[in-house]
2 protein chains.
Amino acid sequence: MRFDDDPRLRAVNMAFYENSFVTGTANRNRLRVRYFFRAEDGHLLADVSSGADAMGPPGFVHGGAMAALLDDAMGVMAWFNKHPVVTANLNVDYKQSLPLGIDTVLETWIERVEGKKVYTYGELRSDKAIHTCARGLFVRLPLESFGEYLEPIRRQYGL
Amino acid sequence: MRFDDDPRLRAVNMAFYENSFVTGTANRNRLRVRYFFRAEDGHLLADVSSGADAMGPPGFVHGGAMAALLDDAMGVMAWFNKHPVVTANLNVDYKQSLPLGIDTVLETWIERVEGKKVYTYGELRSDKAIHTCARGLFVRLPLESFGEYLEPIRRQYGL
């Protein structure tokens, strides 16, 4: 894949997300997602492909799958930028239907930070178009609120 | 289940959504969803439970899973109200985290229709709280644009 050859990109450890609704391994015939973090500008990139069980309208990727992808990638991106967050609002615009099985790139970044609020943007694009884009409002939580999960979280995100 | 005993509710044929990202049968350890349509007011109700592979934050349902559920249910509801639609915008508010494994009810309805635009609302609630709510903007398409899928669609939605 092109992302593996880009020295500015670091492949994210996807095993951490084993049970994730979006990127978990039970997900192979739905979505296949690999994340890459670019530390120099804090962008998260992903290569994404879809299988038959990602269906929404007949022959096309489910709008909910794209919403879930964008939510997930914006959240993970915020964490790699050292913001321990959860989603407060997700606003998704569907611009052009995405046929099943097309390779796509997802890119997300932070637009601004105001106190505990982290405002993010993400888009899912193919060679032909931006299919879907989203804005997210994420809210920072105290890292301690993640309790027993704190140590694996620290290791994953370098916190 | 309580919904099966309500004479105003009609159980939706879920086999139609075999490959759906949200309600497909490959989904058992993620989301289990059954839809019921109430013709008298056009509401769609669902009972929803989540398995271990619906994870987002550790121990909680993924925000993207809830977004996908709300998108799916609002769309299906619009179709049962005789609007052949696809999603144009989805706006989701996360009010309270939802632990994995809690039984929830999802209810959606149409707020208004303006020409080709169908504005919808949906919420996902448990006995304790409304966890997530969403507004959707769906756009009507000519039924003919569904091509080879037209006949099964007609049968599912009584169009």
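Two residues are counted as in contact when heavy atoms of one lie within 4.5 Å of heavy atoms of the other. On this basis, in what is a predicted model, the contact between the two chains takes 35 residues from chain A and 35 residues from chain B.

The relation between the chains may be considered next.

The size of an interface is often given as the accessible area lost when the parts come together. Here chain A and chain B bury about 2,800 Å² between them, and 57% of it is on carbon and sulfur atoms. Between the chains there are 0 salt bridges, whereas 22 residue pairs are in polar contact, both residues being at pLDDT 80 or more. On the side of chain A that touches chain B, helix H1 (63-80) and strand E4 (85-94) of chain A each supply at least two residues. E4(A) gives the most to that side, with 9 residues.

Within chain B, attention turns to helix H2 (residues 150-157), whose buried residues are B:Leu150, B:Ile153, B:Gln156 and B:Tyr157. Seen down the axis of H2(B), these residues fall within an arc of 125°, so they line one face of the helix. They pack against helix H1 (63-80) of chain B. Just after H2(B), B:Gly158 takes a positive phi of about 65°.

Methods. Residues are numbered from 1 along each chain as its sequence is written. Chains are lettered from A and ligands numbered from 1 in the order in which they are written. This is a predicted model: local features need pLDDT of at least 70, side-chain atom pairs count only at pLDDT 80 or more; totals for chains, interfaces and linings use all residues. Side-chain values use heavy atoms; hydrogens and water are left out. Buried means under 20% relative accessible area, exposed over 50%, partly exposed in between (1.4 Å probe, protein chains only). Helices (H or I, at least four residues) and strands (E, at least two) are DSSP runs, numbered from the N terminus. The arc is that of the directions from the helix axis to the C-beta atoms. Buried area is the accessible area (1.4 Å probe) that two parts lose on being put together, summed over both. A salt bridge is a side-chain nitrogen of Lys or Arg within 4 Å of a carboxyl oxygen of Asp or Glu. A polar contact is a pair of N or O atoms within 3.5 Å; within protein, one must be able to donate a hydrogen and the other to accept it, and residues adjacent in sequence count only if both atoms are side-chain atoms.
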